[in-house]
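Trainee: Could you go through this structure with me, step by step?
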Amino acid sequence: MKVKEYLLDRIKKGTIHLTLIDPDKQTEEKAAEIAKRAKDAGTDAIMIGGSTDVTQENLDATSKAIKKACGLPTIYFPSGAHAISGNCDAIFFMSMVNSTDISMVMGEQVKGSLITKKLGLEPISMGYIIIEPGMKVGEVGQAKPIKRDDPEKATAYALACEYLGMSFVYLEAGSGADRPVPPDMIRAVKGILSVPLIVGGGIRTPEAAEAARLAGADAIVTGTFVERCSDDSELKNVIKASKG
């Protein structure tokens, strides 16, 4: 089964949870341990990537270790075409649509398209929208974050992504954000989309995960929280609240 088909099949049954692991944040052995714990807690797939300092070496090593440790589908979450690993099952072939840097909108995608094809990675198209505060990913991507009180602009960007043929839309508050994407914004975007909606950034409690799910998120991503959480019951509670 293709990864996209796997995700869509699970989403039909309810909100799913995706774990994001940054290859630069820990050794590949530690990354594998995190992935295994996340799997045991109920996560549906592993995203691998980060905004800075991802290299071909740490990406390949982390991808291999995670795949061996947990057996879940692995999806590369790229910061650019400088590092793309054939050790992942798929790649979110995404455009940061509210970046002011054309390379983030289309340039890196052009550079990475033939590499993706050569490696045999399954491309999953995605519109990536940075929401305030945006954090490091917004800074690196030179995004113009959508303000938290402007759901209309978020819906316009999201619908444009769908009309351009993207398979998923991702609202991103940024890794380590002190505030997740507001439920009112999630609700507004979900209300206009026909494609699945992914929400991430700043989700670190069961309450925040549940709020995003009830507002209409089809997939909830946690990264920093999972990497730092040492309490298995706490991890399970957040993932359970994400999925309902």
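This is a predicted model: local features need pLDDT of at least 70, side-chain atom pairs count only at pLDDT 80 or more; totals for chains, interfaces and linings use all residues.
Trainee: How do the eight strands run?
Mentor: They form a closed barrel in the order 1-2-3-4-5-6-7-8, with parallel pairing, where strands are DSSP runs (E, at least two residues) numbered from the N terminus and two of them pair if DSSP finds at least two bridges between them.
Trainee: And how many bridges join strand 6 to strand 7?
Mentor: Strand 6 (residues 168-172) and strand 7 (residues 197-200) are joined by four bridges, and Val-169 stands opposite Leu-197 in strand 7.
Trainee: New topic: which residues have the most contacts inside the largest nonpolar core?
Mentor: They are Leu-7, Met-47, Phe-77, Phe-92 and Ile-129, in a core of 80 residues; such a core is a set of buried Ala, Val, Leu, Ile, Met, Phe, Trp, Tyr and Cys residues joined through side-chain atoms within 4.5 Å.
Trainee: Why does Thr-155 count as buried?
Mentor: Thr-155 counts as buried because its relative accessibility is 12%, and buried means under 20% relative accessible area (1.4 Å probe, protein chains only).
Trainee: What does Thr-155 touch?
Mentor: Leaving out residues up to four places away in sequence, Thr-155 touches Ala-188, Val-189 and Ile-192, contact meaning heavy atoms within 4.5 Å.

Technical notes:
Residues are numbered from 1 along each chain as its sequence is written. Side-chain values use heavy atoms; hydrogens and water are left out. Buried means under 20% relative accessible area, exposed over 50%, partly exposed in between (1.4 Å probe, protein chains only).
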